Amino acid sequence: MKLFLTLGLLVCQLVLHAQKLPSLVVYTDAHARYQLMYPRTWLLRKGASDKQETTFIANPAEHLAPVMATLSVRTLPEKQKTLKLTAAGEQDSLWRRIQRLPQAQVLRVSQQDFGSYEEVRYDYTFALTPASPARTHVVGRQLWRGGYEFRIEYRGPVEQDDRYLAEGRRLITSFTFTNNAWPSLRYADQVCDGKMYGIAASHLRNGNWEDDCRTIHEFSTSNPKAPPVVHYHVLPFQSYALAKGFDNCLYSVTKAPTDTSELVYRYDPATRQGRYTTWKLPRQGREVSWISGATDEHGDLYFLTSDANLLVKVSPPDGSVKVVWSSDPMRRAPFYPMIAFDGAGTHGNFCLDDTRTLYMVYSTNGSLLKVDLDSRRPSPELMVLAGLPKRGGYSDLLMQKDQSGQRRLFLAGPTALYQADLGQRRAHLVRSGTYTDLAGCNVFRMGRALPLPPPPTTATWRGRVLNALTYQPLPRAEVHFRSEAPVPLSPDGRFSLSGMAGHPYAYQVELAGYMTVDSVWTATPGPVVQDILLRPLAVGTTQVLDNVQFEQGKAVLLPSSLPALQKLLWLLSDNPGLTIELRGHTDNVGPPQKNVSLSEQRVAAVKTYLVTHGIAAARITGIGLGGAEPTASNAQESTRQLNRRVEFRVTSVQ
């Protein structure tokens with residue numbers, strides 16, 4: 001017998017030596033925005049360009065069930081682009097999908113928010129069919145970034161785990177984003193460019209000026225005196241109100257005093273295409289028009305009526321429409337009687353700056369009014385600017401930043417565009433032209449990195465208690481957590497435990513006819529899903545005695561072994577009809593025959609402990625196997641230590 005074990009050990013050492021992980025090849029996308037590393041022995045197969053899918057095959061030449069990893073990239077649906085993966089229930093959705101698979105076991109599902117992207121990691125196994133003994137192992141990562149979903153996933157038969165799982169895990173873990181710029185599709189991630197726009201009030205046709213309000217002029221903030229790019233009649237209606245979103249598209253609404261709900265129109269200057277959105281502004285009131293639009297630091301759009309009594313905010317990420325105020329806050333200003341008499345001009349044209357100050361312009365003489373957007377409190381002062389013509393017709397304001405980062409306030413006058421120096425309270429001419437409204441947003445968005453959110457301070461562990469052989473739920477099991485009353489289980493065996501992140505918590509799971517699980521949960525930040533397996537007390541069931549350790553090269557038990565030995569002692573005491581076989585294992589370091597002898601001696605030490613504490617010697621047999629049955633690679637110490645173990649196998653249950 002010992003001769004066969006020795007020969008087996010020699011063969012095993014040769015096999016394990018040959019199982020060193022192969023060298024890696026770097027794979028990256030065409031723009032080098034993300035990359036991963038895959039084993040050189042795996043076959044790379046790219047899918048159709050429209051599917052953006054790449055497959056890495058571990059065993060292309062073998063006539064076995066395929067072992068592969070797949071990388072796929074897709075654009076998220078519009079409603080999901082602005083959602084947070086970790087807050088949108090994606091972890092729960094994945095857990096529900098796994099539970100629908102035959103005989104599924106969740107090894108771990110976790111999630112994390114990294115600021116610039118979010119991620120859900122998963123590891124589970126399942127049966128191909130309810131009646132099939134064959135199981136599939138799935139390990140993967142699902143990431144959301146900038147309106148895209150990235151999924152990198154390993155799949156292979158469980159019986160091939162020893163050969164390929166370590167390589168697959170390394171491939172999955174290696175996926176990372178590079179430092180190259182990423183073109184986000186999320187509205188809130190966009191960077192507003194330096195262009196500004198104005199709705200042309202009129203245009204020259206056949207030598208005559210005609211009313212327009214549908215044509216948009218495009219200017220560069222760095223050189224607004226240059227001739228504009230003309231977008232002729234791109235609005236489907238005449239308009240006084242224009243706002244620019246962080247997506248560098250323009251948003252407008254009709255100037256007609258319809259007193260009905262109006263849809264906002266979106267125009268993309270880059271493609272010169274436009275369409276109506278689903279965002280509907282409320283009724284503006286009788287004989288009142290939407291007269292001006294603006295943008296705030298979040299990219300939200302604002303529209304104000306000509307009587308300044310109705311300010312509405314539209315949030316492009318979710319399309320929500322909210323009334324900011326329904327009464328002109330300037331009514332509380334001491335100078336209000338000076339600008340609100342019968343026949344006076346409007347002060348409904350406005351812009352926003354990066355301090356959440358709303359600037360209005362009095363159309364009669366170009367004087368400026370200020371309101372704190374959050375408190376709705378007006379400034380008590382009416383700011384008069386020098387350098388403006390006395391003729392009325394001032395129609396809008398716009399705050400922009402120039403190339404040096406300095407703020408510049410532009411003012412649309414009766415026949416020209418002006419720039420105002422608020423410190424000097426003076427305006428000077430920039431260019432000729434009459435515009436009903438101005439739009440821009442670069443005062444808010446110069447590009448910024450998203451901060452890394454703080455880790456959660458709480459932890460939640462959810463999962464199911466399952467039969468380790470059939471993977472069926474065990475709803476009658478008792479889960480004891482922190483020595484408290486049993487945690488209630490659902491009919492499908494689900495449980496939920498909560499604690500403080502970073503703290504260890506003792507738990508115990510027991511059910512008559514099954515081996516008790518007695519362990520410690522070290523709570524990691526955030527929610528995690530992991531099932532608990534209970535092994536039936538049936539002939540052939542094998543269980544490793546965790547942390548049963550010995551002095552190096554000897555059969556002397558270390559004190560750290562006592563908890564596991566005590567649990568085994570309780571199991572044998574509570575089940576007097578139970579007999580077991582102790583099985584000793586070592587790594588492959590040293591002469592094989594010596595390892596067999598050492599494992600036999602260690603089995604004898606464990607048996608002596610049990611017999612000394614009252615268990616009949618006849619109920620315990622033992623065998624030393626040396627390094628003949630490794631459970632992990634012997635190539636490095638981190639995995640070699642897993643092979644040094646003592647386990648017991650149930651030989652009879654009465």
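**Confidence, sheets and cores in a predicted model**

Me: Where in the chain is confidence lowest, and where is it highest?
Reply: Confidence is lowest in helix α1 (residues 2-18), at a mean of 43, and highest in strand β17 (residues 250-253), at 98. The score is pLDDT, the predictor's confidence in each residue, from 0 to 100. Helices (H or I, at least four residues) and strands (E, at least two) are DSSP runs, numbered from the N terminus. This is a predicted model, in which local features need pLDDT of at least 70 and side-chain atom pairs count only at pLDDT 80 or more, while totals for chains, interfaces and linings use all residues. Residues are numbered from 1 along each chain as its sequence is written, and side-chain values use heavy atoms, with hydrogens and water left out.

Me: What does the chain average?
Reply: The average pLDDT is 90, and 95% of the residues score at least 70.

Me: Which strands flank β17 in its sheet?
Reply: The order is β16-β17-β18-β19 in an open sheet of 4 strands with antiparallel pairing. Two strands pair if DSSP finds at least two bridges between them. β16 (241-244) and β19 (273-281) are the edge strands, each with a single partner strand, so one side of each has no neighbour in the sheet.

Me: How many bridges join β17 to β18?
Reply: There are 3 bridges between β17 and β18 (residues 262-268), and Y251 stands opposite R266 in β18.

Me: New topic: which residues have the most contacts inside the largest nonpolar core?
Reply: They are F303, L311, F350, L358, M360 and L411, in a core of 57 residues. A nonpolar core is a set of buried Ala, Val, Leu, Ile, Met, Phe, Trp, Tyr and Cys residues joined through side-chain atoms within 4.5 Å. Buried means under 20% relative accessible area, with a 1.4 Å probe and protein chains only; exposed is over 50%, and partly exposed lies in between.

Me: What is L358 in contact with?
Reply: Leaving aside neighbours within four places in sequence, the partners of L358 include L311, W325, F350 and L369. Contact means heavy atoms within 4.5 Å.

Me: Is strand β20 buried or exposed?
Reply: In β20 (residues 290-295), 6 of the 6 residues are buried, so the strand is largely enclosed by the rest of the structure.

Me: And which way does β21 run against it?
Reply: β20 and β21 (residues 301-305) run antiparallel, joined by 5 bridges. The bridge partner of A294 in β21 is Y302. Their hairpin has 5 residues between the strands, and G299 there takes a positive phi near 85 degrees.
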